[in-house]
Amino acid sequence: MIKFALGFVFGAWLLQQQPALPSLYWLLTLIPALFFVLKSRTFSFDYADYLKNVSIFIFASLLGFLWAATVATIRLQDELPKEWQQKSINIVGSVAALPEITEKGERFQFDVEKVLTQESSKTLQIPCHISLNFYGDNGSATLKNEANKLNFFHAGERWQLTVKLKRPHTTYNPHGYDFEGWALENNIRATGSISNKSGYKKLSNFVWRPSYMVERVREKVGNQINQALANKPYAGVIRALVIGDDSQITQAQWSVYLRTGINHLMSISGLHITMLAGLAYAIAAFIWRRVPSLVLRMPTRKAATIVGLIVAVLYSLLAGMSLPTQRTLMMLITFALALLWGKNLAISRALAIALMVVVLLDPWASIAAGFWLSFSAVAIISYVSVGRLSAQHWFKEAVHTQWAITLGLLPLLIALFGQTSIVSPLANAFAIPIISLIVVPLAILGSIIHLDFILQAAHFILTLCMQGLNWLAALPTWQQAAPPMWATVSAVFGVLWLLLPRGFPQRWLGLVLLMPLFFANSPRPETGAMQVAVLDIGQGLSVVVKTANHTLLYDAGPKFNQQSDAGGRIVVPYLRGEGVTKLDGFMVSHNDIDHSGGAPSVLAQVPVGWFASSFTESDSFKLPTNALKCLAGQHWQWDSVQFAVLYPSLQSYEDANLSDNNRSCVVKITSQFGSILLTGDIEEPAEASLLAINADTLKSDVLIAPHHGSKTSSSPNFVQAVGAKKVIFTVGYLNRFKHPKPDIEKRYEASGVIEYRSDYAGALLIDFARDKPMQIQAWRQAQPRYWHDEY
């Protein structure tokens, strides 16, 4: 069973690495594979058992691969026609999940029941399950509702809406998050917004469906929490712990949780479900064994197991039954059924069954970080606890288990996130019992029976816990480049070796196998060369420039909302994955939110040598105390690579009528093997000033198109003076500005310039190196996945 389960999961994982789905004719390969498995059972020669095991694993891998391909093929067929993107479509359907309040309105999932819009005399086909944003009537209705923490839309309501949709699209970067993959896994096949001009009409206050009933209960519980904990700093955390809605946890709070390694505790996690079920089991067993008539009807152990399982199911429903929650529930159900049936099921076999069931229900789970971390944690606990001849003291066992989990998960944490918290063992040691056994039960109890003082008590205890976590968060974390696969595999075997019982011979081999994990590093260019990453951050700009020993960040992308920005979601993960632990320089071209919005997260999470910008005050974030103004004439050299600020001039700072765009910092970077010009959002007036000062200095091999290719920039004289071989437009997919403008694209095309767009190409990686022509690698082409749209 274990070999079969591992093979099935491996096959499903392998499918998720493919650039295109295979033909379902591959299903025919199962016939000879199955025949070989059956035939191998009759083998009796040497190594026959080994051959049997290999044949079972291969057959299971093929089955998992083809199962995942079949599920993906069916789901991908439910799609929005490309020609209907951003067009008005009239639909009828129901609010399918708890709406999330956002800064500008609310967001919710919607089940489409009927499409009223016609296409060539026939009904238009659109996806059955979509995600919608609602911004209210000029924001007034929404702002009122946001102040009261109430929604305009409610789970289970039926509405007639006019919407504008687009296919799921992700910003695609190395070491980054793939929204398209997440949307496919969650069956969200289109996203969009509700049109206010065409109106929206409620057709029914509630549609009776079990899932909608659960969502309505979650909404009422969430409102109860908001009212009881109004204006409390950790109300969003309590809400996340009870109903699984983490949209109100602030970015600063997430930063603390990440640095202390307890981020898994601050939303619905497998640990909370397991510990709450365990608490219910203990209470039920305590009561049951003291009532003889109950014990005669059913053994205490089985009765307590049923109670614990019921509590786990109810809590999972209250938490929204998210995919990570479902994975934990499947594990608990597997163990519970084995116990109820009286089967003496080994924990390794039960874990294998749960592993396969989860992937059978959700093939995309095999590429989710939470999937591997949760199953690995259970496997590690089993590895170090099962088979002991005598019980240890509870404190010694707790310390040993915490040490095993910390060491055992180390390779995965570094491989997946490029960092691990040094203080994580200590933070988890006191946070896990406080949050899972005190805060969560109190918060759930207070929410259900509507007693505000219980919710406030839960918040008070959480606040005390946070004081300790804030102190620990100030301590350093271990960061390094994402290691190669071989180093991760070697480290996993090294950890298993180190966790063997004391006295096992040659345990030092574990350290030898573990060491490559810490010496893995992303290769840096040689002296005189440079690597440039133009990150895909949507509508905005962020560029990372690496020389042999230095790193410059130019702009940090947009701010998305109060909880997230491109700095925290894209730039910092990229820097960590590349092994950049410090920025030698950080320049923000100007104070537009699509260029400076991500700067606070970068400054909070990455040490910066110096900071420069074209603004002296900012409403969006506090400037560093040593902030500099970028000025034409500034220049420096790193590792034989020349950096020169060409604009703005000192006089431009004195011009009160000059727009922020036309005061953008313009930087030319020249290596021995090519050059690039970073232009921010300059428009024709700034371009004219640059041409008037010295047009010859503009000549560059690569140009970041000014102002994303707007019609007010890239004047003919400027394009000719730069003379770039390649131009990059950093734009958002189907952005509302319609950048780049077609006339601007034609202008570059007429000059013989090769064009790249970040919305179509993903991140663009440029290598200026010796003995090879300048190369631009599009990340969507380098790492394609079958769920990515083609452009």
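Helices (H or I, at least four residues) and strands (E, at least two) are DSSP runs, numbered from the N terminus. The model is predicted: local features need pLDDT of at least 70, side-chain atom pairs count only at pLDDT 80 or more, and totals for chains, interfaces and linings use all residues. Residues are numbered from 1 along each chain as its sequence is written, and side-chain values use heavy atoms, without hydrogens or water.

Helix α18 (residues 485–498) supplies the largest share of a nonpolar surface patch, five residues. The patch comprises Y383, M485, V489, V492, F493, L496 and L513. Together they have about 600 Å² of accessible area (Shrake-Rupley method, 1.4 Å probe; for residues, only the protein chains shown count as cover). Patch residues have over 30% relative accessible area and no salt bridge, and nonpolar side chains (Val, Leu, Ile, Met, Phe, Trp, Tyr) are joined within 5 Å, like charges within 9 Å. A salt bridge is a side-chain nitrogen of Lys or Arg within 4 Å of a carboxyl oxygen of Asp or Glu. M485 lies in α18. Its relative accessible area is 58%, so M485 is exposed (exposed, over 50%; buried, under 20%; partly exposed, in between; 1.4 Å probe, protein chains only).

One disulfide was found (a pair of cysteine sulfur atoms within 2.5 Å). C630 and C665 form it, with sulfur atoms 1.8 Å apart. The S-S torsion is about -65°, so the disulfide is left-handed. C630 lies in the loop between β17 (628–629) and β18, and C665 in the loop between α24 (650–653) and β20, so the pair ties together parts 35 residues apart in sequence. C630 is buried, at 0% relative accessible area. C665 is also buried, at 0%.
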